[in-house]
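Thanks, everyone, for making the time this morning.

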Amino acid sequence: MYADHYFMVEMSYKLKTATPRCRSAQTRGSLGDYPKAIKYFNLGIAGNNSDDLMYFYRAFAYEKDGKLGKAIDDYTKTIELNPELGQAYAKRGTAAIAKIVEENQGTYISIFGREACTDLKKAKELGIDVQNMIDLYCD
């Protein structure tokens, strides 16, 4: 849980929309109450659907809540809004790998794995340290 809290605090200064809802969502997320955080992020996105980091945070909350498909969708939206946010590629890639492993009980499916690896390589290109994931999961 400490790593989750650290992540939420570390990214908090970067939010473009420091609304009370957003702060509430961050607080809920840092406490591990991801369903409540998601509700607050939904409200924040309803008020400003062009804030890439609101989608990024909600994706993180979805991921931590075990909703990997929704997390991947929100990481994708984050990338559409801000294609230079390397962390979004890294998180989408790792969420995709987790989904592959979860759905196939550890069996690697190459087509989805290639997409995840493309994301991880893009994250690396943008300065995110994901080499260990690339070494572990990619050709």
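This is a predicted model: local features need pLDDT of at least 70, side-chain atom pairs count only at pLDDT 80 or more; totals for chains, interfaces and linings use all residues.

I will start with D74, which has a relative accessibility of 6% and therefore counts as buried, the cut-off being under 20%. D74 is found in helix α5, and if we leave aside its neighbours within four places in sequence, the residues in contact with D74 are Y55, R58, A59 and Y62.

Let me step back to the chain as a whole. The protein chain has 8 helices and 0 strands, so that, read along the sequence, its pattern is simply α-α-α-α-α-α-α-α. Of the 139 residues in the protein chain, 42% are buried. As for the contacts between residues at least 6 apart in sequence, 49% of them join residues at least 24 apart.

Now to the interior. In soluble globular proteins, nonpolar side chains tend to be buried together. Here the largest nonpolar core holds 35 residues, and the members that touch the most other members are F41, F56, Y75, L120 and V130. At least two residues of this core come from each of α2 (20–30), α3 (34–47), α4 (52–64), α5 (68–81), α6 (86–104) and α7 (110–125), while the largest share, 9 residues, is supplied by α4.

Which residues is L120 in contact with, leaving aside its neighbours within four places in sequence? They are Y89, A90, G93, T94, I97, V130, M133, I134 and C138, and V130, as you will recall, is also among the core members that touch the most others.

Finally, a helix pair. Two packed helices are described by the angle between their axes and the distance between the axes. For α3 and α4, the packing angle is about 160° and the axes lie 9 Å apart; because angles over 145 degrees count as roughly antiparallel, that is how these two helices are related to each other. The crossing in which α3 passes α4 is left-handed. On the α3 side the contact is made by Y34, A37, I38, F41, N42, G44 and I45, and on the α4 side by M54, Y55, Y57, R58, A61, Y62 and K64.

Conventions
Residues are numbered from 1 along each chain as its sequence is written. Side-chain values use heavy atoms; hydrogens and water are left out. A nonpolar core is a set of buried Ala, Val, Leu, Ile, Met, Phe, Trp, Tyr and Cys residues joined through side-chain atoms within 4.5 Å. Buried means under 20% relative accessible area, exposed over 50%, partly exposed in between (1.4 Å probe, protein chains only). Helices (H or I, at least four residues) and strands (E, at least two) are DSSP runs, numbered from the N terminus. Contact means heavy atoms within 4.5 Å. Axes are lines fitted to C-alpha atoms, for helices over the stretch in contact, and angles run from 0 to 180 degrees between N-to-C directions. Angles under 35 degrees count as roughly parallel, over 145 as roughly antiparallel, 65 to 115 as roughly perpendicular and the rest as oblique. A crossing is left-handed if the near helix is turned anticlockwise from the far one by less than a right angle, and right-handed if clockwise.
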